[in-house]
Amino acid sequence: MVVAEWSTLMLMQSHADRGPDISVVVPVYNEIDNLESLVERVRTTLDEIGLTWELLAVDDGSTDGSGERLDELAETEKRIRVLHFQENCGQSSGLDAGFRHAHGRLMALLDADLQTYPEDLPKLIEMLEHERVDAVVGIRAERHDSGWKRFSSRFANGVRNWLTREDIQDTGCPIKVFRAEAIRSVRFFTGTHRFLPTLLRMGGYTVKQIPVRHTERKAGTSKYGTWDRAFSGLRDALGVRWLQD
């Protein structure tokens with residue numbers, strides 16, 4: 001099988017580097033009901049394809065006990081590491097901390113809400129390895145969100161691409177895989193998480209896009225509004241356009 005070939009190659013390389021094949025970075029804010037399933041699905045998915053891994057969860061000042069639950073899970077699964085923020089600092093800060101503390105040759109991004117599938121990670125990794133690119137980002141092919149949320153996401157992606165002269169179809173899709181040196185080259189600011197593919201390309205790295213599955217939220221509640229993201233996203237897009245120029 002092709003998967004066996006590339007996973008074996010990755011294992012040989014990573015053992016020489018004394019680090020895991022892949023670090024899965026997950027920002028967490030008040031997602032206590034999703035955490036056990038998240039860990040089990042990541043473990044099953046990556047163990048099945050023979051990769052060594054770590055899951056680095058960044059507790060972003062949760063108030064529902066998510067931080068304590070993550071610590072409990074880490075006691076039973078030594079491949080889990082937990083970082084704790086004393087207060088809520090936002091997704092970009094969580095990702096920056098996670099990527100800086102991760103040890104993997106590859107790094108993956110997942111959301112704790114489980115609306116995208118950890119089981120799709122292998123096909124992103126396979127594309128990254130076979131096509132020798134630096135990042136593979138998901139496109140939520142069939143969104144299981146409200147009509148307003150789908151419309152606002154399409155509109156925001158259109159405006160963002162127009163301002164930054166890009167073709168990223170779904171920059172908000174929370175499942176992505178990167179080579180460690182590529183994602184560590186990005187200098188994070190508040191809002192960076194919306195522009196990771198563009199910022200990587202600005203640094204000379206290659207990015208591919210691939211359809212992934214999406215489902216409705218099964219537990220917890222969304223932490224994102226529409227209008228607050230619209231104004232901050234527009235400001236940040238103008239800033240990225242300035243950086244490009």
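This is a predicted model: local features need pLDDT of at least 70, side-chain atom pairs count only at pLDDT 80 or more; totals for chains, interfaces and linings use all residues.
The structure holds 14 salt bridges, and a few of them are worth a look here.

**Around Arg79 and Asp47**
- Arg79 is partly exposed, at a relative accessible area of 27%, and Asp47 is partly exposed too, at 36%.
- Both residues belong to a network of salt bridges that links Glu40, Arg43, Asp47, Glu77 and Arg79.

**Two other bridges**
- Glu54 pairs with Arg81 in a salt bridge, and their closest N and O atoms are 3.0 Å apart.
- This pair connects distant parts of the chain, with Glu54 in strand S2 (residues 53-60) and Arg81 in strand S3, 27 residues apart.
- Glu54 is buried, with a relative accessible area of 7%, whereas Arg81 is partly exposed at 27%.
- Asp170 and Arg140 form a salt bridge at 2.7 Å, N to O.
- Asp170 lies in the loop between helix H6 (147-164) and strand S6 (176-179) and Arg140 in strand S5 (residues 135-140), so the two tie together parts 30 residues apart in sequence.
- Asp170 and Arg140 are both buried.

**How H2 meets H3**
- Helix H2 (residues 35-48) packs against helix H3 (residues 66-76) at an angle of about 35°, and their axes are 10 Å apart.
- Their crossing is right-handed.
- H2 contributes Leu35, Glu36 and Val39 to the contact, and H3 contributes Ser66, Arg69, Leu70 and Leu73.
- Of these contact residues, four are nonpolar, one is polar and two are charged.

Key
Residues are numbered from 1 along each chain as its sequence is written. Side-chain values use heavy atoms; hydrogens and water are left out. Axes are lines fitted to C-alpha atoms, for helices over the stretch in contact, and angles run from 0 to 180 degrees between N-to-C directions. Helices (H or I, at least four residues) and strands (E, at least two) are DSSP runs, numbered from the N terminus. A crossing is left-handed if the near helix is turned anticlockwise from the far one by less than a right angle, and right-handed if clockwise. Contact means heavy atoms within 4.5 Å. Ala, Val, Leu, Ile, Met, Phe, Trp, Tyr, Cys and Pro count as nonpolar, Asp, Glu, Lys and Arg as charged, and the others, Gly among them, as polar. A salt bridge is a side-chain nitrogen of Lys or Arg within 4 Å of a carboxyl oxygen of Asp or Glu. Buried means under 20% relative accessible area, exposed over 50%, partly exposed in between (1.4 Å probe, protein chains only).
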